[in-house]
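Thanks for making the time. I will go through one model, chain by chain, and then turn to where the chains touch.

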Amino acid sequence: MKLIIATIKPFKLEEVREALTDIGVRGMMVTEIKGFGSQSGHTEIYRGAEYAVNFVPKIKLEIAVSAAMADQVVEAITKAARTGKIGDGKIFVLDIQQAMRVRTGETNDDAL
Amino acid sequence: MTIKSFTKKGLASAAMIAVPSLALAQDAAAPGFDEIGPYIMTTLLFCMAGFLVFFMACGFAMLEGGLVRSKNVTMQMTKNIALYSVAAIMYWLIGFNTMYPGDFNGYFAIGGQTVLDAVGVAAADADLGYASIGSDFFFQLVFVAATASIVSGALAERIKLWPFLAFVVVLTGVMYPISGSWQWGGGWLSEAGFSDFAGSTVVHSVGGWAALAGAIVLGPRIGKYSKDGKVIPIPGSNLALATLGTFILWLGWFGFNGGSQLAMGTVGDVSDVSRIFANTNMAAAAGAVTALILTQVMYKKPDLTMVLNGALAGLVSITAEPLAPTLFGALWIGAVGGVIVVFTVPMLDKLKIDDVVGAIPVHLFAGIWGTIAVIFYNGDASLGTQLLGIAAYGAFTFVASLVLWFILKAVIGIRVGEEEEINGLDMTELGMEAYPEFSKS
């Protein structure tokens, strides 16, 4: 089992969700986050004073899938979220040691 | 606002003495509309305009609630409803009769409590040349509340509740009424020919001076200015509320300026009231558009908070003379107000004077401008006298406020502690959040 953590541009969320459900992903967790990477921040002006926006709004996706499906998911997110401009985000793939479906008690791949 | 007439009762009473028969008495005691009409209409004007200016208290509350951070909103609302209520009581207790003492030395006369007309007052006992005492008192007291609201916005997010209210007690009961008597009470500035129709100086600059003194004594909010002198913006929590507040103030201003005609009993007076409405609206629109364009040009993006301040600065600018200018006159006078705001907000920041809502640029600087601008359309006003009035109100209010703030600071302390300020006044001073669900459910 793999946990795929992806940060994407907020306006790409709907496209990524569609791409993932198309390939059979049945669930995901979504969080609104702020952060910075290579894009770094930018400056804005409020009441005449310039200030740095150090943290840029992003969407974080967390998707747990079977190991066999992980590459396909990464590819789908990459394709849907890419604009080619700086700040498109990153994808991390982690191993999952254990999974449990709370309602039925099913474990691991059956629980995903 | 012209001086109140003091032709109190007594005029009609002579006619009442000779009463040979009941029929004749009724004839003599039933004045026609020409005699009572102006009294009724002017009283109505004061009531309606007073309602509108009362609603400005809501406008100030919403504007301030939107421009402070969410952790200080409950405190800001508490200060707003408390300051209005304190002002209402103080103005009854001594304020009204201190501001309108009748015959006095022109500088200073502490008045007693306000006493209303008798229940069901007869026409013969009413002040037929003016309006009912109740309507006049109410209309005047909503003005003093506006002055106190100006102070609360500038000092938001760091001043303690009770010292602030102690200041409001003195401001609304003593300071504002004394300086107000110089002009509207028929005092020395009115004698000198100073002209301030609805209070660019008497109301708005007075609030601005008191706020400036407070902001200097209190110091800026933690985190507003970095150690290397840079300004760090602290964005407000809800710009929709701030916009609502500005629109409410704009609406209230029709009462503020229109009611200050102080008469509605003739074709000329009622027409003047409508003329004032049109000019007031034009000045606000011009101030807003000016700030919109200026911030676009200077900063590449329009700044809504500046547009809101621009509209208010336009309103303050036209308040000293909303009657005489043409619509074009109102437009350019208001537009200059918008320019003043866009340039003086960053200027105050350079001086490290932290004014949370822009109250000092809007009410003090635009108020000074509006008071000077009277000379362009009102032939009775002179630059020298206008400057004299501005200086007199500035010196008295700023010094008295400074002294009072220092006394309060020394005796009870005016600022919350560092930790209280960082955690927000809502939880530390009141134990109550404005938006509890956002963090807890």
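Confidence comes first, as pLDDT, which is the predictor's confidence in each residue, from 0 to 100. Chain A averages a pLDDT of 93, and 100% of the residues score at least 70. Within chain A, the lowest mean is 85, in strand β4 (residues 49-53), and the highest is 97, in strand β1 (residues 2-8).

Some bookkeeping. This is a predicted model, in which local features need pLDDT of at least 70 and side-chain atom pairs count only at pLDDT 80 or more, while totals for chains, interfaces and linings use all residues. Residues are numbered from 1 along each chain as its sequence is written, chains are lettered from A and ligands numbered from 1 in the order in which they are written.

Staying with chain A: it has 2 helices and 6 strands, in the order β-α-β-β-β-β-α-β from the N terminus. Helices (H or I, at least four residues) and strands (E, at least two) are DSSP runs, numbered from the N terminus. The radius of gyration of chain A is 17 Å, well over the 13 Å from the globule rule for 112 residues, so chain A is more spread out than a compact globule. That radius is taken over C-alpha atoms, and the rule is 2.2 Å times the number of residues to the power 0.38. The C-alpha trace spans about 60 × 25 × 20 Å along its principal axes. Buried residues, those with 20 or more other C-beta atoms within 10 Å of their own, C-beta atoms being placed from the backbone, make up 16% of chain A.

Now chain B. Here there are 17 helices and 0 strands. For 441 residues a compact globule would have a radius of gyration near 22 Å, and the 23 Å of chain B agrees. In chain B, 53% of the residues are buried.

One helix pair in chain B: the axes of α9(B) (residues 239-258) and α11(B) come within 10 Å and cross at roughly 10°. Axes are lines fitted to C-alpha atoms over the stretch in contact, with angles from 0 to 180 degrees between N-to-C directions. That makes the two helices roughly parallel, a label for angles under 35 degrees.

Finally, how many residues of chain B are in contact with chain A? There are 12, against 6 residues of chain A, contact meaning C-beta atoms, placed from the backbone, within 7 Å. On the chain B side, α11 (304-319) and α12 (327-350) each give two or more residues, and α12(B) gives the largest share, 3 residues.

Note on methods. Two residues are in contact if their C-beta atoms, placed from the backbone, lie within 7 Å. A residue is buried if 20 or more other C-beta atoms lie within 10 Å of its own, exposed if 12 or fewer, and partly exposed in between; C-beta atoms are placed from the backbone. Angles under 35 degrees count as roughly parallel, over 145 as roughly antiparallel, 65 to 115 as roughly perpendicular and the rest as oblique.
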